[in-house]
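Biologist: Before I rely on any label attached to this model, I would like to hear what stands behind each one. Could we go through them in turn?

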Amino acid sequence: MANKLKFCAELDAVDCNFPDRYMGCGYGPSYTIDQFFERFKEVPRMTGVELVSNWHISEKNAAYIKDQSKAAGLQVVSILPDHFSEQKWGKGAFTSTDKNIRKEAVTLVKNMIDIAEDLDCHMITIWNGQDGYDYLMTSDYLREMEWLQEGLQECCEYNKNIKLAVEYKVREPRIHCYISNVYAALAMIQKLGCDNLGITLDVGHAYIAHENPAEAIAACKTYGDRLYHMHLNDNFGVWDDDCMVGANHIQPSVGIDGGKGAEGLHHRLLIGLGIIGFVKLHGTGGIGGVDLRHLLVRPVALRSLHEAIRMPAAR
């Protein structure tokens, strides 16, 4: 794979209307799918799009989304099954004590895999944020971890040509989320032994798990080349603020500063992994979120990131 950085983002990253627990209605106007695509076209250097089931894509509108993506010149990079925003998932998706809910969680992934294949999309991102617990001694950890692994394995075996990328996170919406850090994810992947199961490294999730994202990259390389995708964002180390790159960590988000010595090696780890294709710009933090149409007009931090990744490998 060529060492070229390509940008993608979630389709609704141009609407500035993300809600939080205080402003449940969102901070701005709502837009239709048509309007999303029109606004997306205004983002410089954006050639990929990511979709969320239930929010953007379903079996009913998949053909329409396919046409819209092609018309906008956008590659569908990943589809994220919505296992988190509907009430039925409130007590778990893959780990629900209701076997019918667990079955529905797997069926949703399979449906999105079928849609992904038709859209020439090669990856499903799994963020199972409702799989976890809040209070101690309220969950059967062993049983729920087993259910989670069984569900993911069934999804992987459904179509081995489609990659499943688990996006780990230590907390939120549950106080304690299963698959909480890079090593928990890698241990589970190693146990399941599925060739098409890997990791989406969300840099903000790494920070709130008190990880060094560059070490997480190295771990993915060391334990089976399992880094499938990256979400670039930033926060202040205590919450998943989803700020844009450079909001707090001035060195571009994964220690990719293009400098000398150890930090200068981190961008080479990415190149060695062969992941330098699409990376997702994932920033919604702050009042009203971040409208990518305005951000990339002045891509200072991103330009630094891009140039750092292009530096020659260490000798």
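Modeller: Let me begin with the terms for a helix: helices (H or I, at least four residues) and strands (E, at least two) are DSSP runs, numbered from the N terminus, and the expected span of a helix is 1.5 Å times one less than its number of residues. This is a predicted model, in which local features need pLDDT of at least 70 and side-chain atom pairs count only at pLDDT 80 or more, whereas totals for chains, interfaces and linings use all residues. Residues are numbered from 1 along each chain as its sequence is written, and side-chain values use heavy atoms, with hydrogens and water left out.

Biologist: What span does helix H3 reach, and what is expected of it?

Modeller: Helix H3, residues 99-118, has 20 residues and reaches 29 Å from its first C-alpha to its last, which is close to the 28 Å expected at 1.5 Å a residue. The chain as a whole has 10 helices and 10 strands.

Biologist: What is found at the start of H3, and what follows H3?

Modeller: At the start of H3, a side-chain oxygen of Asp98 comes to within 2.8 Å of the backbone nitrogen of Asn100; a polar contact is a pair of N or O atoms within 3.5 Å, where within protein one must be able to donate a hydrogen and the other to accept it, and residues adjacent in sequence count only if both atoms are side-chain atoms. H3 is followed by Asp120, whose phi is positive, near 60°, although Asp120 is not a glycine. Asp120 is placed in the loop between H3 and E4.

Biologist: Which residues of H3 are called buried, and what do they pack against?

Modeller: Buried means under 20% relative accessible area, exposed means over 50%, and partly exposed lies in between (1.4 Å probe, protein chains only). In H3 the buried residues include Ile101, Arg102, Ala105, Val106 and Leu108. The buried residues of H3 pack against helix H2 (62-71), strand E3 (75-80), strand E4 (123-126), helix H4 (141-158) and strand E6 (163-167), a contact being heavy atoms within 4.5 Å.

Biologist: Why is it said that the buried residues of H1 line one face of the helix?

Modeller: In helix H1 (residues 33-40), the buried residues are Ile33, Phe36, Phe37, Arg39 and Phe40. Seen down the axis of H1, these fall within an arc of 165°, so they line one face of the helix; the arc is that of the directions from the helix axis to the C-beta atoms.

Biologist: What makes His282 count as buried, and which residues is it in contact with?

Modeller: His282 has 15% relative accessibility, so it counts as buried. His282 lies in the loop between strand E10 (278-281) and helix H9 (292-295), and a polar contact of 3.5 Å joins its side chain to that of Asp242. Leaving aside neighbours within four places in sequence, the residues in contact with His282 include Glu10, Asp202, His231 and Asp242.

Biologist: Why is Gln75 called partly exposed, and why is His210 called exposed?

Modeller: Gln75, which is found in strand E3, has 37% relative accessibility and therefore counts as partly exposed. His210 has a relative accessible area of 70%, so it is exposed; His210 is placed in the loop between helix H6 (203-208) and helix H7 (213-222).

Biologist: How many disulfides does the structure hold, and are Cys121 and Cys220 buried or exposed?

Modeller: The structure holds 0 disulfides, a disulfide being a pair of cysteine sulfur atoms within 2.5 Å. Cys121 counts as buried at 1% relative accessibility, and Cys220 is buried with a relative accessible area of 1%.

Biologist: What is the mean pLDDT of the chain, and where is the pLDDT below 50?

Modeller: The mean pLDDT of the chain is 85, and 80% of its residues reach 70 or more, where pLDDT is the predictor's confidence in each residue, from 0 to 100. Over residues 252-266 the pLDDT is below 50, and beyond near neighbours in sequence this stretch has 37 contacts in the model. Over residues 296-315 the pLDDT is also below 50, with 40 contacts in the model beyond near neighbours in sequence. Where pLDDT is low, the predicted coordinates should not be read in detail.
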